[in-house]
Amino acid sequence: MTGDHDDPDHPVPTDDPDHPVPTDDPEARARALQSLLVEKEKLSTDAVDEVVSLYEEEVGPMNGAEVVARAWSDPDYREWLLEDGTAAIGDLGYTGVQGVDIEVKANTPETHNVIVCTLCSCYPWPVLGLPPTWYKSPPYRSKVVKRPRRTLREAFDLDVPEDTEIGVWDSSSEIRYMVLPQRPDGTEGLSETELAELVTRDSMIGVERLGEQSAEELA
Amino acid sequence: MDGVHDLGGTDGTGRVSHTPTEPVFHDGFEQRVFAMVMVTMARREYTMDEFRHAIERMAPAWYLDSSYYEHWLAAMETLLVEHGVVDDDELYERLEQVRAGEATVPDRTDPDAAGMMRAVVESGGGTYRGPGEPAFETGETVRVRNMHPEGHTRCPAYVRRAEGTVQEVHGTHVLPDARAHQEGESPEPLYSVRFDGEALWGPDAEANTAVSVDLWESYLRSP
């Protein structure tokens with residue numbers, strides 16, 4: 001059941017003799033497994049549709065943006081968010097899988113925070129949704145803990161000044177981290193809804209800084 | 001286990017391909033695999049820790065050569081076969097039928113199961129198990145043990161033997177090293193430990209950088 005070890009394009013075998021089925025053709029394997037699980041009444045069409053629609057429609061970075069906008073607008077909420085992220089985020093209705101415990105780290109002119117998961121791809125789903133491909137891929141997971149300043153500059157065009165400390169948060173437990181970006185200049189008159197529109201997914205991961213940009217630049 | 005999944009600090013992994021936005025799922029394969037894992041985990045066919053460890057058990061070259069959702073599919077196949085939910089011959093046979101166009105995915109409706117999925121997604125599954133009696137306190141200097149277990153661990157290799165400072169005590173949490181092997185929850189105090197860049201990377205560290213990692217008590221000792 002194993003693949004071809006003599007394939008000149010893959011001198012190192014990418015098959016796995018210990019795996020129960022051949023390791024190629026993931027599309028067909030997914031269908032095969034799905035058809036068996038449905039047959040065994042362990043899976044239903046509507047459960048699959050429900051899960052997909054939850055993450056396509058309801059769970060995403062717009063939730064985190066709402067949290068950030070509230071923190072920018074309400075100093076008491078900001079304090080609560082940094083003290084007990086789980087409770088303050090829960091107060092806006094966001095919790096659940098991959099985010100039962102969430103801690104929020106605030107960027108300041110002196111400190112820049114960035115999140116990663118070097119061992120797999122842990123990410124605060126209830127506030128940011130499912131992680132983007134680059135966050136889950138070996139280059140980001142390997143580099144950002146060792147050379148964060150260079151990684152942010154080369155991959156994200158973000159120059160963090162030498163005198164600004166970079167704090168990297170490696171999500172090794174079930175506690176999830178998100179970054180509270182700085183509020184951009186020139187946003188004093190904006191409502192929470194308008195502020196939330198300025199908050200990007202990347203700024204809550206920490207690969208973008210909002211504080212040094214004005215509202216016009218962000219728009 | 002010491003494996004290629006433990007990527008922190010590895011050089012030569014190529015460029016980060018940043019995309020400002022991308023679809024939640026790129027295709028039907030990603031939707032299918034994501035939903036199947038969510039449902040089977042919600043049905044407690046396996047735990048998150050067993051799932052992560054099953055991904056780590058993929059052959060190294062295969063792991064590096066395959067996508068995130070291929071990792072998920074591989075781990076799900078491994079665990080559902082190991083736990084007897086599906087039989088490996090049966091899975092192989094069905095795969096051949098799918099490839100030959102002789103099998104399709106049937107429709108099945110189960111509103112209760114769909115409702116349960118929403119409830120599970122919204123409630124999650126926390127690992128906090130009370131305050132416990134932590135051996136270390138905030139501000140204390142600790143050293144990460146030199147450890148190389150064959151089984152699952154959440155102690156990344158790049159922090160082992162390094163000295164850091166406890167910056168937060170999280171209370172006790174389920175120990176992944178135990179639950180990944182069906183050895184119970186074995187909750188232990190969990191700490192946020194902060195390492196200066198230089199403590200991890202020596203003279204090759206970038207100035208004014210630090211990494212914080214959550215580490216269980218059995219990973220740590222006094223310096």
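Domain bounds are taken from an automatic or database domain assignment. On this basis chain B is divided into domain 1 (28-123) and domain 2 (141-221), and the C-alpha centres of domain 1 of chain B and domain 2 of chain B lie 30 Å apart. The structure is a predicted model, in which local features need pLDDT of at least 70 and side-chain atom pairs count only at pLDDT 80 or more, while totals for chains, interfaces and linings use all residues. Residues are numbered from 1 along each chain as its sequence is written, chains are lettered from A in the order in which they are written, and side-chain values use heavy atoms, with hydrogens and water left out.

Between the two domains of chain B, 7 residues of domain 1 are in contact (heavy atoms within 4.5 Å) with 9 residues of domain 2. The buried area, defined as the accessible area (1.4 Å probe) that two parts lose on being put together, summed over both, is about 690 Å² for this pair of domains, with 49% of it on carbon and sulfur atoms. B:D49, B:E50 and B:H53 supply 63% of the area that domain 1 of chain B buries against domain 2 of chain B, more than any other three residues. One of these, B:D49, forms a salt bridge with B:R179, the closest N and O atoms being 2.6 Å apart; a salt bridge is a side-chain nitrogen of Lys or Arg within 4 Å of a carboxyl oxygen of Asp or Glu. The rule finds 1 salt bridge across this domain interface. The side of domain 1 of chain B that touches domain 2 of chain B has no nonpolar residues, 3 polar and 4 charged, where Ala, Val, Leu, Ile, Met, Phe, Trp, Tyr, Cys and Pro count as nonpolar, Asp, Glu, Lys and Arg as charged, and the others, Gly among them, as polar.

The contact between the chains takes 99 residues from chain A and 106 residues from chain B. Chain A and chain B bury about 9100 Å² between them, of which carbon and sulfur atoms give 59%. The count between the chains is 12 salt bridges; among them, B:E90 pairs with A:K40, with the closest N and O atoms 3.0 Å apart. On the side of chain A that touches chain B, the residues divide into 44 nonpolar, 21 polar and 34 charged.

Strand pairing also links the chains, two strands being paired if DSSP finds at least two bridges between them. Strand 3 (residues 165-170) of chain A and strand 4 (residues 209-216) of chain B run parallel and are joined by 5 bridges; strands (E, at least two residues) are DSSP runs, numbered from the N terminus. A:D170 stands opposite B:V213 in strand 4 of chain B.

Notes:
Helices (H or I, at least four residues) and strands (E, at least two) are DSSP runs, numbered from the N terminus.
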